Amino acid sequence: MTNPERTGYEMNMVELEINGQRVSAEEGTTILDAASAIGIRVPTLCHDSRLSASGVCRLCMVEVAKGGRSRLVASCVYPVEAGIVVQTDSEKVRKVRRLILELLWPSLPDLAREYGVTSSRFRPRDTECSLCGLCVRYCAEIKKRQAIYFRGRGIDREVAIVPELAKECAMCRECFPCCTGGHIVTHSDLAFT
Amino acid sequence: MPRLRTPADVNRLRGELQAAREGDRRCVSVCSGTGCLAYRSQDVVAAFEREIACQGLAEHVMLRRTGCYGFCERGPIVVIQPEGICYLGMREQDVEEVVSETLANGRTVTRLLYEDLESGQRIARMEDIPFYRHQQRLLLAANAAVDPRSIDDYIAAGGYAALAKALSAMRPEDVLREVTDSKLRGRGGGGFPTGRKWRTTRDAPDDVKYVVVNADEGDPGAYMDRSILEGNPHSVLEGLVLGAYAIGAHEGYVYVRQEYPLAVRNTLRALEQAREYGLLGRDILGSGFAFDVHVHRGAGAFVSGESSALMAAIEGKVGEPRPKYIHTAVKGLWDKPTCLNNVETWANVPLIVSGGAAWFCGMGTAESKGTKIFSLVGKVNNTGLVEVPMGMTLRQIVYDIGGGVPKGRGLKAVQTGGPSGGVIPASMLDLPVDFDALSEAGSMMGSGGLIVMDEDTCMVDTARYYVDFLAHESCGKCVPCREGLYQMLGILDRITAGEGRDGDVELLEEVCDLLEVAALCALGKTAPNPVRSTIRHFRDEYDAHILERRCPAGVCKNLIAYTIDREACLACGACAKNCPTGAITRAPYNDHYVIDQDKCTRCGCCVEVCPPKARAIVKVAPEAARQTL
């Protein structure tokens with residue numbers, strides 16, 4: 001995402017390499033931005049270019065080599081740096097994505113199949129919600145209502161609606177298209193009454 | 001209240017305070033740390049006040065309520081100076097005798113002295129008690145000499161001398177160099193070089209900078225930071241002012257858990273006193289340097305100890321970590337460069353500035369200098385807070401200081417580093433206390449929890465306990481940590497329930513790998529440690545649970561059963577009376593009792609009440625219990 005406060009005349013560009021291609025990207029943008037600018041698709045779940053990045057789904061992790069050492073970083077929040085060498089589809093990256101998709105199974109079945117995940121060795125969770133937080137951020141940042149929020153902590157974390165604002169939610173429903181797992185849509189009657 | 005206007009004023013005040021306290025007055029110090037308060041040490045203090053007045057000794061005796069002495073197992077602790085006589089387990093009713101014998105006549109009350117476990121000899125002086133003799137109490141020693149509510153006590157004991165020295169004779173760079181040269185490393189867990197951290201914040205291009213004390217100690221069984229903040233808040237404060245001076249910050253925060261009310265109270269009082277004395281505020285000691293501190297009370301979340309989460313909480317947001325590919329040292333609180341250190345780290349700073357880096361480097365190992373405070377808990381005779389030089393072996397801590405494992409049981413492992421740490425097996429007990437040595441062994445120094453486990457501890461159950469803790473204390477934000485911990489907990493649940501499957505251990509390891517590389521914050525990245533270290537050192541226990549449906553330590557309830565040895569049973573009926581489910585009945589026409597396995601919940605009550613001379617209740621495998629019926 002480009003920083004709207006920055007204007008053309010003070011733009012600093014940095015050079016980096018993504019999957020063997022040399023890329024020039026504006027300072028302050030992310031690896032994910034730079035990759036999509038040259039048509040490299042990095043899978044994401046919690047990312048929406050209209051909203052602030054949260055870096056929680058970890059599907060967009062890529063391998064970054066810098067000074068002879070490589071590590072995995074979340075490309076949606078990692079700022080571009082001069083001279084880094086990025087691999088968006090290395091074996092390490094694929095391994096991480098595969099296991100995350102297996103943990104999220106049966107959400108995101110299409111993406112899962114792309115990574116060869118067709119079943120899960122894990123016990124299923126009893127919700128379609130992947131807690132990507134798109135609805136929460138949409139409501140807070142675009143709608144400016146904060147009617148949806150995260151409740152609880154750790155494995156008990158869930159998305160909830162502020163009861164006082166539930167009526168308003170039933171009218172609005174603008175966050176529905178954001179929902180990656182279909183949870184809000186499925187449970188809208190339940191949650192919004 | 002004297003306002004101190006120059007560094008020389010501090011030393012003058014110290015001189016006056018010390019002169020006023022000299023003479024033949026005895027000083028009775030009563031531990032008023034949280035541990036001793038739980039043993040009602042406040043009643044002991046009240047009784048001393050009464051008795052001293054009653055026996056007309058008020059002019060000759062000074063009474064002081066101090067912070068934690070560390071030997072919490074044997075509280076309340078009373079120390080009488082100048083002799084250094086240490087009475088353990090003092091009760092209200094013992095006070096009269098102590099006042100009339102020790103204070104009035106200089107005789108010790110033998111029955112209240114420490115009794116050596118082996119020789120049975122009584123030991124009068126604190127320094128001679130084995131628990132204290134093997135320690136090196138740099139930070140904790142002051143707890144015995146200072147009433148945490150009195151800034152005068154702290155100054156009389158040498159406090160604020162380091163600040164006076166720095167502000168009169170050192171430039172900020174000199175303070176920074178001293179800390180860098182001391183090789184001090186962060187005591188909160190990571191062991192990051194403190195000097196380098198300070199340098200990063202100092203060099204960050206911003207005029208506004210912050211320094212923060214992390215007092216969000218949340219590890220189960222750990223209370224090092226609590227005891228420092230409760231017992232000697234000015235030492236942390238002095239360190240913080242020195243840090244701010246070195247870094248160029250003018251505002252600081254103490255993030256302290258709301259669950260530590262005494263620490264909050266003592267910190268707030270210390271701040272007020274320091275402001276009155278001119279040790280905080282504008283123009284500190286006439287140097288022109290301005291600095292003040294706020295206290296932020298945490299709302300009780302383990303994850304808030306993580307640096308970015310802690311800063312979010314101070315900003316008034318939910319205390320959750322955020323991705324930080326730019327360090328908080330550069331972009332922290334309100335996006336300003338912020339230097340966050342743990343309580344114990346800050347408390348070390350005045351000592352380093354006073355004593356010098358060379359002195360500090362004289363203690364410890366090549367890469368870990370100084371001392372470390374551990375809360376020594378679990379299956380150990382002398383539980384409490386211990387401070388040892390880096391490089392001391394775990395064996396010395398557990399046996400020489402801790403007095404070994406109770407009831408002559410064998411030691412199985414020690415757990416260090418809190419929930420993100422790991423277990424170290426008995427075979428590696430000669431490992432030194434050192435940041436790098438502990439990490440190599442698959443554990444970590446952590447903030448200093450040290451839990452001793454005896455042979456009755458099941459390692460799979462231990463891993464399950466920590467994973468359960470982390471699963472509920474993680475923020476739940478990122479997928480690997482939240483879902484990974486949920487699944488690890490599920491797998492460990494089924495293994496301990498005797499339903500483990502072949503391949504479970506490998507699956508656990510796969511999830512561990514994922515968390516280490518993909519989790520968002522340090523909590524998630526280190527969360528696999530309890531599982532990984534137990535698999536690494538106690539794989540055989542996992543296999544016994546999964547392949548043989550057996551819990552070698554006899555802990556996992558689904559894998560054990562209790563039966564009564566009919567030869568040994570005295571037929572006293574104590575077990576039957578105490579069994580909460582009524583599972584125990586007298587065998588018809590026989591002189592013994594039997595347990596109905598279908599009703600038994602394996603709570604272990606019967607074991608506790610069975611007379612020691614009988615010891616008739618035995619733990620067996622479930623199938624064996626069925627066969628004896």
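Q: Let's start with a helix. Which residues of α12(B) are buried?

A: The buried residues of α12(B) are B:A263, B:V264, B:N266, B:T267, B:A270, B:L271, B:Q273, B:A274 and B:Y277. Please keep in mind as we go that this is a predicted model.

Q: How should I read the spacing of such a list?

A: An α-helix has 3.6 residues a turn, so residues three or four places apart point the same way. With that idea in hand, look in the list for B:A263, B:T267, B:A270, B:A274 and B:Y277, which are among the buried residues of α12(B).

Q: What covers the buried residues of α12(B)?

A: The cover includes three helices of chain B, α6 (151-156), α10 (224-231) and α11. Strands β7 (210-215), β8 (251-257) and β9 (292-298) of chain B are also part of the cover.

Q: You named α11 as part of the cover. How many of the residues of α11(B) are buried?

A: 15 of the 15 residues of α11(B) are buried, so this helix is largely enclosed by the rest of the structure. The length check works here too: α11 of chain B (residues 233-247) has 15 residues that should span 21 Å at 1.5 Å a residue, and its end C-alpha atoms are 21 Å apart, which agrees. After α11(B) comes B:G248, whose phi is positive, near 95°.

Q: Now to the inside. Which residues have the most contacts inside the largest nonpolar core?

A: They are A:C135, B:V241, B:L242 and B:I397, in a core of 243 residues. The largest share of this core comes from α11(B), with nine residues. There is also a second, separate core of five residues, and B:F435, B:L438, B:M444 and B:M445 are included in it.

Q: Let's follow one of these residues. Which residues is A:C135 in contact with, leaving aside its neighbours within four places in sequence?

A: Those contacts are A:I148, A:V159, A:C175, A:C178, A:C179 and A:I184.

Q: Which domains is chain A divided into?

A: Chain A has domain 1 (8-114) and domain 2 (134-192). Their C-alpha centres lie 27 Å apart. To see how two domains meet, we can count residues on each side: eight residues of domain 1 of chain A are in contact with eight residues of domain 2 of chain A.

Q: How do I read the pairing of strands in chain A?

A: First a general point: in a regular strand the side chains alternate between the two faces of the sheet. Next, ask which strands pair and in which sense. Strand β3 (residues 61-66) of chain A is joined to strand β4 (residues 69-74) of chain A by six bridges, and the two run antiparallel. They form a hairpin with two residues between them, and A:G67 in the turn has a positive phi of about 55°. β3(A) also pairs with strand β5 (residues 85-87) of chain A, over three bridges and again antiparallel. Take A:A65 as an example: its bridge partner in β4(A) is A:S70, and its bridge partner in β5(A) is A:V85.

Q: Last one: how many residues of chain B are in contact with chain A?

A: 26 residues of chain B are in contact with 24 residues of chain A. On the chain B side, α18 (459-473), α19 (479-496) and α20 (504-518) each supply at least two residues. α19(B) gives the most, with nine residues.

Key
Residues numbered from 1 in each chain as written. Chains lettered and ligands numbered in written order. Predicted model: local features only at pLDDT ≥ 70, side-chain atom pairs only at ≥ 80, totals over all residues. Helix = DSSP H or I, 4+ residues; strand = E, 2+ residues; numbered from the N terminus. Expected span 1.5 Å × (residues − 1). Buried ≥ 20, exposed ≤ 12 C-beta atoms within 10 Å, placed from the backbone. Pairing = 2+ DSSP bridges. Core = buried A, V, L, I, M, F, W, Y, C linked by C-beta atoms within 7 Å. Contact = placed C-beta atoms within 7 Å. Domains from an automatic or database assignment.
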